[in-house]
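I would like to walk you through one structure, going slowly from its helices to its rings and then to some details of the backbone.

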Amino acid sequence: MTNTSAFDAPLTIDADAVLVVIDVQKGFEDYEFWGTRDNPEAELRIAELTDVWQATGRPIVVVQHASQVGPLVPGTAGFELKDAVAAVPADLHITKPVNSAFYGTPDLHAWLQQRGARQVVIVGIMTNVCNETTARMAGNLGYDAVFPVDAMHTFDMTGPDGVTVPAAELARATAAVLHAMRFAKVVTTGDVVAGARAGQPAVVSAL
């Protein structure tokens, strides 16, 4: 678990903070397969962060999910990156077969350790699946995980009781768990941009 005093300190974005862009792929535009999404401005917020990272010379990791079935199968149009990130120059490009970016190729943890990076900013798709899993692992591994929850989205999901939970509620639950259990600092894109541009502590906005 992340050190409590560090977790509660004002948000600072390290000079070498790594932006991890997860699964921003065209296959997630297949709404007949995935259903209803939340946060229609997620891609705009992701692009805002990749622009700032490039402008400030910070490293970017781009992750793609490789499924065996469904809209994210390698070699299909759905596997390709969305326009918002397709042209982003990645310092590391990971392909993963499971939910966590830490279980992909090349090895994210080894790469971060080699660089001496301690802070990761996690964005992309889906909030409560690959993003949350990656944030939990980052926290367990001792990284300072930052989770700008408006730079991601998810979809409605149906539970074992047959009740469909709206995407926005799932995102809110993810934010609550990551914050309460100290897996990650749940913030906004504006918080991260301010910290990245200024290199100074940013005031965390109310979510």
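This is a predicted model: local features need pLDDT of at least 70, side-chain atom pairs count only at pLDDT 80 or more; totals for chains, interfaces and linings use all residues.

Residues are numbered from 1 along each chain as its sequence is written, and side-chain values use heavy atoms, with hydrogens and water left out.

Let me begin with helix packing. When I name helices and strands, I mean DSSP runs numbered from the N terminus, with helices being H or I over at least four residues and strands being E over at least two. Axes are lines fitted to C-alpha atoms, for helices over the stretch in contact, and angles run from 0 to 180 degrees between N-to-C directions.

Helix α3 packs with helix α8 at an angle of about 5°, and the two axes are 10 Å apart. That angle makes α3 roughly parallel to α8, a label that applies under 35 degrees, whereas over 145 counts as roughly antiparallel, 65 to 115 as roughly perpendicular and the rest as oblique. On the α3 side we find R45, E48, L49, V52, W53 and T56, which meet T189, V192, V193, A196 and R197 in α8; contact here means heavy atoms within 4.5 Å. Sorted by class, this contact has six nonpolar, two polar and three charged residues, where Ala, Val, Leu, Ile, Met, Phe, Trp, Tyr, Cys and Pro count as nonpolar, Asp, Glu, Lys and Arg as charged, and the others, Gly among them, as polar.

Which residues of α8 are buried? They are T189, D191, V192, V193, G195 and A196, in a helix that spans residues 189-198, and buried means under 20% relative accessible area, with exposed being over 50% and partly exposed in between, for a 1.4 Å probe and protein chains only. These buried residues pack against α3 (42-56), β4 (119-125), β5 (144-148) and β9 (185-187).

Leaving aside residues up to four places away in sequence, T189 touches R45, E48, L49, P148, D150 and A151. T189 and R45 are 144 residues apart in sequence, yet their C-alpha atoms are 6.5 Å apart in space.

Another helix pair is α6 (residues 127-140) with α7 (residues 167-180), which pack at an angle of about 10° with axes 10 Å apart, and α6 and α7 are therefore roughly parallel to each other. Their contact is made by T127, N128, E132, A135 and R136 of α6 together with L170, A171, T174, V177 and L178 of α7; these divide into five nonpolar, three polar and two charged residues.

Now to the aromatic rings. Rings of Phe, Tyr and Trp (its six-membered ring) pair if their centres lie within 6.5 Å, and planes under 30 degrees apart count as stacked, over 60 as edge-to-face and the rest as tilted. By this rule the count comes to six aromatic pairs. In one of them, Y31 and F155 have ring centres 6.4 Å apart and planes at 50°, so the pair is tilted. Y31 lies in helix α2 (residues 31-34) and F155 in the loop between β6 (152-153) and β7 (157-158), so the pair ties together parts that are 124 residues apart in sequence. Y31 counts as partly exposed at 38% relative accessibility, whereas F155 counts as buried at 1%. F155 also forms a stacked pair with W34, at 5.7 Å centre to centre and 20° between the planes. Ring pairs link F28, Y31, F33, W34 and F155 into a cluster.

Finally, the backbone. Most residues other than glycine have a negative phi, and most peptide bonds are trans. Against that background, the bond from T105 to P106 is cis, with omega near -5°, and the bond from I125 to M126 is cis as well, with omega near 0°. N39, in the loop between α2 and α3, has a positive phi of about 45° although it is not a glycine, and R182, in the loop between α7 and β9, has a positive phi near 65°.
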